[in-house]
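Please examine the sequence and the structure shown below before reading on. The report that follows describes the fold in short sections.

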Amino acid sequence: MRNRPHWVLCGGLILLTATACTDDGSGKEATLSASQVCDSTLTPPSAKALEHLASTERFTELSGTDQQGEANEFSLELAAKRLHGEVKERNICMVYKAGNDSGIPLLKIEFEPTENHPVPEGEVRKADKDRIVFPLGSYAEVNGDSGANLYFACSTRGPEGTSPFVWARMYSSGGQLAPGSSPENRLAVLKDVARGLAEQLGCSDEAALPDRVPSPKNG
């Protein structure tokens, strides 16, 4: 994670720290605050949105290393580096509720370069109550009770050429999200992680992702 300071509660004490709380003597990361997940990309509003989605203020992320010996934990630098890699090589943000031993993530956020995106006007006409379209980025939607998609302009070059857009998507397994959590909560989290990646890729102006999630076009 980037070294952004955060006030966090550790062992009953409020500490200013750039890392997460650790288990006594273990040296292993135990819990993260909402503002620390996904490489500390969440702003206060989207951090609060994540807490609403999870009904908790404590989280963990995928740990360990992959086959290349690089950390599984999400970082913007690694996500940008692997954006044009094979699917299995891409760096994914996997967020878990702290204390949940099911192995099922609360959220899975990943990115992919793409040459096009859905047309917002046409998708609004086709959308129903289970799919809400937002005027965000090049195209954004929340679908069903678990998914969200956000396309934003960001020209990147890979082995097969240049891609003009990045597709950010979020998925949550059934039963993981808190009942009554809003579609805007999901999109707020996805939007801020996407903003972080756009900044890392040097295309913030091109992506034009705002501070707040606007009202939907339908729904």
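## The second largest pocket

Which element gives the most to the lining of the second largest pocket? In this predicted model, strand S11 gives the most, with 3 residues.

The second largest pocket holds about 310 Å³ of space. Its lining consists of 13 residues, and the closest to its centre are His84, Arg90, Pro113, Glu160 and Ser163. Two elements, S7 and S11, each give two or more residues to this lining. In general, empty space of this kind is found by rolling a probe the size of a water molecule over the atoms.

## The chain as a whole

The protein chain contains 6 helices and 11 strands. It has 219 residues, of which 49% are buried. The chain exposes about 11300 Å², and carbon and sulfur atoms supply 48% of that area.

Contacts may also be sorted by separation along the chain. Among contacts with a separation of 6 or more, 56% are between residues 24 or more positions apart.

## The sheet

Strands of a sheet pair through backbone hydrogen bonds, in either a parallel or an antiparallel manner. Here, 7 strands form an open sheet with antiparallel pairing, in the order S5-S6-S7-S11-S10-S9-S8. Strand S5 (59-61) and strand S8 (131-134) stand at the edges; each has a single partner strand, and therefore one side of each is left without a neighbour in the sheet. From one strand to the next, the twist averages 25°.

Strand S9, residues 139-143, pairs with strand S10, residues 147-158, in the antiparallel sense over 5 bridges.

Helix H2, residues 44-54, lies across S5, strand S6 (93-97) and strand S7 (107-114). Helix H2 runs at about 100° to S5.

Helix H5, residues 183-201, also packs on the sheet, where it touches S7, S8, S9, S10 and strand S11 (161-171). The direction of helix H5 makes about 10° with that of S10.

## A residue in strand S10

Gly158 and Arg82 are 76 residues apart along the chain, and their C-alpha atoms are separated by 9.6 Å.

Notes:
Residues are numbered from 1 along each chain as its sequence is written. This is a predicted model: local features need pLDDT of at least 70, side-chain atom pairs count only at pLDDT 80 or more; totals for chains, interfaces and linings use all residues. Side-chain values use heavy atoms; hydrogens and water are left out. Two strands pair if DSSP finds at least two bridges between them. Helices (H or I, at least four residues) and strands (E, at least two) are DSSP runs, numbered from the N terminus. Axes are lines fitted to C-alpha atoms, for helices over the stretch in contact, and angles run from 0 to 180 degrees between N-to-C directions. Contact means heavy atoms within 4.5 Å. Buried means under 20% relative accessible area, exposed over 50%, partly exposed in between (1.4 Å probe, protein chains only). Accessible areas come from the Shrake-Rupley method with a 1.4 Å probe; for residues, only the protein chains shown count as cover. On a 1 Å grid over the protein atoms alone, a cavity is a set of points where a 1.4 Å probe fits but cannot get out, and a pocket is an open set with protein on both sides within 12 Å along at least five of seven lines; lining residues have an atom within 4 Å of a point. Grid points are joined across faces, edges and corners, and a volume is the space filled by probe spheres set on the points.
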